[in-house]
Amino acid sequence: MLSICRQASARHVFRSDTSLFPRFISTTAPAMARKRQVKPPPSISKKKLQAKERRREIKRALKTQSLYENEKMTLLDAIRTLRAVEIAHPNATYELVIKTMLGRGSVPPRGRISLPFAPKPAKDDRILVFADGRAADAARSAGADIVGGMDLVDGVISGRHQANVILATPALVKLIAPRLGRILGPRGLMPTERRGTVLEDPATYIRKLKGSNQWAGDKAGTIRTPIGKVNFPEENLLKNVRFFIDSVKKAIGRPEGEKSGARPTVTISRIVLSSQQGPGITISDVA
């Protein structure tokens, strides 16, 4: 009986002691309700977001803007300016950048060229030719790496036959197009008459490829190519630049003397000369 009374009194004391401890107000219902009533951040309209992004772009452009960004020079002055910048690097390379505007449905321009004074040795091309009969024999004699007919299609699809130049005769291009168009087209390797890779006589084209380099624009239509070394004579650099620009104009359908409105799908918008350590300078007298 006495032990039961002691246990009862102990429970009573524990309850009376715990009632003296403070309660955590932050977990009460009213406090939680106030937390739920916090106002969301104000929404920003689409127009304000676009304006904010434009301001950021302007700031970034001002930070990275070159001293010569809005400067236009003649080709000769640009060569001399960059040569002064690269005085400690006589073997530095000049780079020519041609920016083109692509019309709807047009593809980035591409072509091949052999500069009068090459800044680097030409790369060896791996050439695949779809041809039969005498055209196939002539292509092999001219130096083609892979020559055949429809038997090559499966090897091209599987990747067994690799090449960076693919040619075809008019008779065979109609047969290979349904199977290879979706594979070679996006890579810029599908033979087409517009690019000059569908030929009755592939051997003549192959001989022209020897000692030449391929150039191509990116998705935005920008063409970049090394155009010479800083230690080249000025006359050689001038010839290289003008020769390359003429090649690009022919590839986009605007050779010298042709009116600008004749074929407006691809046009040259800007020509820039730069070097490894130097800025990009817009050329004013060769566009």
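Glu 71 touches Ile 281 and Thr 282, leaving aside residues up to four places away in sequence. The structure described here is a predicted model. Glu 71 is found in the loop between helix 3 (46-64) and strand 1 (72-73). In sequence, Glu 71 and Ile 283 are 212 residues apart, yet their C-alpha atoms are 8.8 Å apart in space. With a relative accessible area of 36%, Glu 71 is partly exposed, because that value falls between the 20% limit for buried and the 50% limit for exposed.

**Helix 5**

Helix 5 covers residues 134-142, and its buried residues are Ala 135, Ala 136, Ala 139 and Ala 142. Seen down the axis of helix 5, these residues fall within an arc of 125°, so they line one face of the helix. The face turned away from the buried side carries Arg 134 and Ser 141, which are exposed. The cover over the buried residues of helix 5 includes the elements in this table.

| Element | Residues |
|---|---|
| Strand 4 | 127-130 |
| Strand 5 | 146-148 |
| Helix 8 | 202-209 |

Just after helix 5 comes Gly 143, with a positive phi of about 115°.

**The aromatic pair**

How many aromatic pairs does a search of the whole structure find? The search finds one. The pair is made by Trp 215 and Phe 244, whose ring centres are 5.8 Å apart; their planes stand at 70°, so the pair is edge-to-face. Trp 215 lies in strand 7 and Phe 244 in helix 9, so the pair ties together parts that are 29 residues apart in sequence. Trp 215 and Phe 244 are both buried.

**The largest pocket**

The volume of the largest pocket is about 620 Å³. Its lining is made up of 27 residues, and the closest to the pocket centre are Arg 110, Gly 111, Arg 194, Arg 195 and Ala 251. Which elements give two or more residues to the lining of the largest pocket? They are strand 3 (110-113), strand 6 (165-168), strand 7 (213-216) and helix 9 (234-251). By class, the lining of the largest pocket has 12 nonpolar, nine polar and six charged residues.

Note on methods
Residues numbered from 1 in each chain as written. Predicted model: local features only at pLDDT ≥ 70, side-chain atom pairs only at ≥ 80, totals over all residues. Heavy atoms only, no water. 1 Å grid on protein atoms, 1.4 Å probe; cavity = no way out; pocket = protein on both sides within 12 Å on 5 of 7 lines; lining within 4 Å. Points joined across faces, edges and corners; volume = space filled by probe spheres on them. Helix = DSSP H or I, 4+ residues; strand = E, 2+ residues; numbered from the N terminus. Nonpolar A, V, L, I, M, F, W, Y, C, P; charged D, E, K, R; others polar. Buried < 20%, exposed > 50% of the residue type's maximum accessible area, 1.4 Å probe, protein only. Arc of directions from axis to C-beta. Contact = heavy atoms within 4.5 Å. Phe/Tyr/Trp six-rings, centres within 6.5 Å; stacked < 30°, edge-to-face > 60°.
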